Amino acid sequence: MTTLRHAATIAAKDLRSEFRTKESINSTLSFSVVILLLFSFAFDPSPDMIAEFGGGLLWMVFAFAGALIVNRSFARELPNDCIDVLVSSPASGAALFLGKAVAAFVLLFGIECVCLPVFGVFYNITWWRSIGGLLGVLALGTWALACAGTFFSALTVNLRLRELMLPMLLYPMLIPALLSVMMLTNTLLTGQAIPDDFTVWLRLLIGFNVMFTTLSVYLAETVLVR
Amino acid sequence: MSAPAVAAAGVWKYFGDYPALRDVRFELQPGECLALLGRNGAGKTTLLRILGGLSGASKGAVEINGGDVRASETRAKIGWLGHSIGLYDELSARENLRTFGALYGVTTAMITEWLAKVNLSHVADSPVREYSRGMRQRLAVARSFLHEPKLLLLDEPFTSLDDKAIALLQGLLAEARAGGATIILSTHQIREAMELASKVALLDRGKLVHFGERTREMVEDPGYLYRTYGGAA
Amino acid sequence: MRRKIILALGVVALPLLLRNLYVIMFLVPDEMEQGPIYRIFYYHLPAFFTAALCYLTALVASVLYLAKKDQKYDAIAVSATETGLAFAAVNLITGMIWGRISWGIWWAWDPRLTWALICWLVYFGYLMLRSAIDDPTERAKNSAVLSIFASASVAVTWKAIEWWRTQHPGPVLSIRTGGVQKIDPAMEQMLYVNTVALLLLGLIFVLVRLRQEEVQREIDALRRYAHAMN
Amino acid sequence: MDERNITFMFYGLAVAWGLLAVYAVLLGLRDRDLTKQLDTLKRMVEEKK
């Protein structure tokens, strides 16, 4: 209970300082929109093609955006050594991690919600036909990115070449989650419900989230207390 | 007999194979003030970080008031002031104190009180980035005393502070001691340390070469300690 | 002592490897459908076994490091991971060459292949992370944590591929098929013999690498000592 | 087809042996480098004494 309260404090703090400077929001949002635009030039996709790889395309953009967001996650604590104060405070490592992961989730999810209509316009898709399922799947995929990303951000925060190292470690690990969420998004974008043989993807995505969240919460203290 | 405020039992800290701390052991009773002396690289900061739970000992154990440092209740009673101010530049003074206050369970009323105490009420809602150096330091001091800690860990507190902040800090430290708080401060400036300290510890290359009461010789002759026990550069 | 063990293992492993190569090239018969190309399999599968065993060792060593904080376990973890990557590379590339003949393409986005590639990338990331951290304790801790995540990710992907259709050939060893003899017993026996040979070679690599980690520690200690004298 | 089959078999075996040999050589080179470093340091420390 205290852990959740502390996590909420950290998340609120992270979001507040992000909205104050808008450093990662602005850069990530413009970056995502530019990539979406570039892709639409590169492929000039027909409706059939979109049904086949629309989800993949969208999640490529989100994966890039996610790396940009989580890169700032622990780096935000570096100036003035704020991380020391947080670790010495009563908040546990798990609470710090969860708070930061939630903040990254909210930021990324917000950016995704802006990108979705842009995607619809550029690629001429009526994406809102199964909006409920789509948002649910987006949330699951975003949590996978935010959770694993924030944890690896803690692992790599003190490194030279941190901006490069984080995606190098993150993307290979995320392949199962990204693959599932791409498949699911593909179907949902065409307005169909998730077919029965796709529930395996859903299970894989949920299983991945459960396992990565558990491991991260369990190991956060080890990583943060040096 | 209650548990000692700080007990270090044979603390070792390795960086790889290099022992930054070697078998450091001491006990501090509640209300005492320890000046931690030693040249650069002697392990002062490393020891303070272990006592504050920022870093784990490789061997040995540290107990604060008889409890483990990484237990949440123990850390709720520790105040930490490191080399840097530990504040968020883009947030205002009030938001900074509220954030940290929330972690320690400090009320809003007390935060307002503290802002007045460190003379920052008039700028409480502008971002810390716009503050002068002295203002930032005063806010950092307020942050570390906010939750009325029972143990204060201060890393070189007097080196980066300006006169006003030093006066403020010394006042608060005296107040805290009167309230029964234990204080450990690492320092270069022997004179200022001696005014406050009741005990003196000297670290040399990770070893605790001296630990004991502050004596008259130490106060009168700043070079005495290093000459007697070694550990000077 | 360690040197002698390595030497003794080498004396056993090298003749065995050479003998196996000879037998595989000249003595075992061609497979009926595939022709000579199937001989690659005698390296493909044993290399996979060796790599998998290395990854498993790395996981166990990483968990032990976090529990005991002993640099020895960190050295084992990095040695095993590096050796595992070498054997996994053999597994991947021999597989690609086989695929070029049997499937007509170098690479198929097949579940098994994808899994093996992900494995390789994930553990390569482990080595990258190590090279980026200077402080040995910090390096050992962070890479041990990463290694645990890597194994988890690998396990998930392994599970996931069971749900996919694969064009990769199914299990052939009789212990995996429940006693059904899928390949000639002579072939199967040869497979085991070469697995032993590659495992021995893997063990030698790990031991040599482990010794290097120790020498590195000695060097670091001497360097510090030399600095302290200045 | 059959000829390519045999050639590729040789490629395959060569790659298997080659990769392991390359790794072994890399290990050997690193070994030599480390021994050299160690010797230099030892001599340096001796001289200072």
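Start by selecting chain D and chain C together: across their interface the rule finds eight residue pairs in polar contact (both at pLDDT 80 or more), a polar contact being a pair of N or O atoms within 3.5 Å, where within protein one must be able to donate a hydrogen and the other to accept it, and residues adjacent in sequence count only if both atoms are side-chain atoms. On the side of chain D that touches chain C, the residues divide into 20 nonpolar, three polar and seven charged, with Ala, Val, Leu, Ile, Met, Phe, Trp, Tyr, Cys and Pro counted as nonpolar, Asp, Glu, Lys and Arg as charged, and the others, Gly among them, as polar.

The model is predicted, so local features need pLDDT of at least 70 and side-chain atom pairs count only at pLDDT 80 or more, while totals for chains, interfaces and linings use all residues. Residues are numbered from 1 along each chain as its sequence is written, chains are lettered from A and ligands numbered from 1 in the order in which they are written, and side-chain values use heavy atoms, with hydrogens and water left out.

Next, pick Arg211(C) and Asp31(D), which form a salt bridge whose closest N and O atoms are 3.3 Å apart (a side-chain nitrogen of Lys or Arg within 4 Å of a carboxyl oxygen of Asp or Glu).

Now widen the selection to the whole contact (heavy atoms within 4.5 Å), which takes 30 residues from chain D and 40 residues from chain C. In chain D, Trp17(D), Leu20(D) and Tyr23(D) lose the most area to chain C.

Terms used:
Buried area is the accessible area (1.4 Å probe) that two parts lose on being put together, summed over both.
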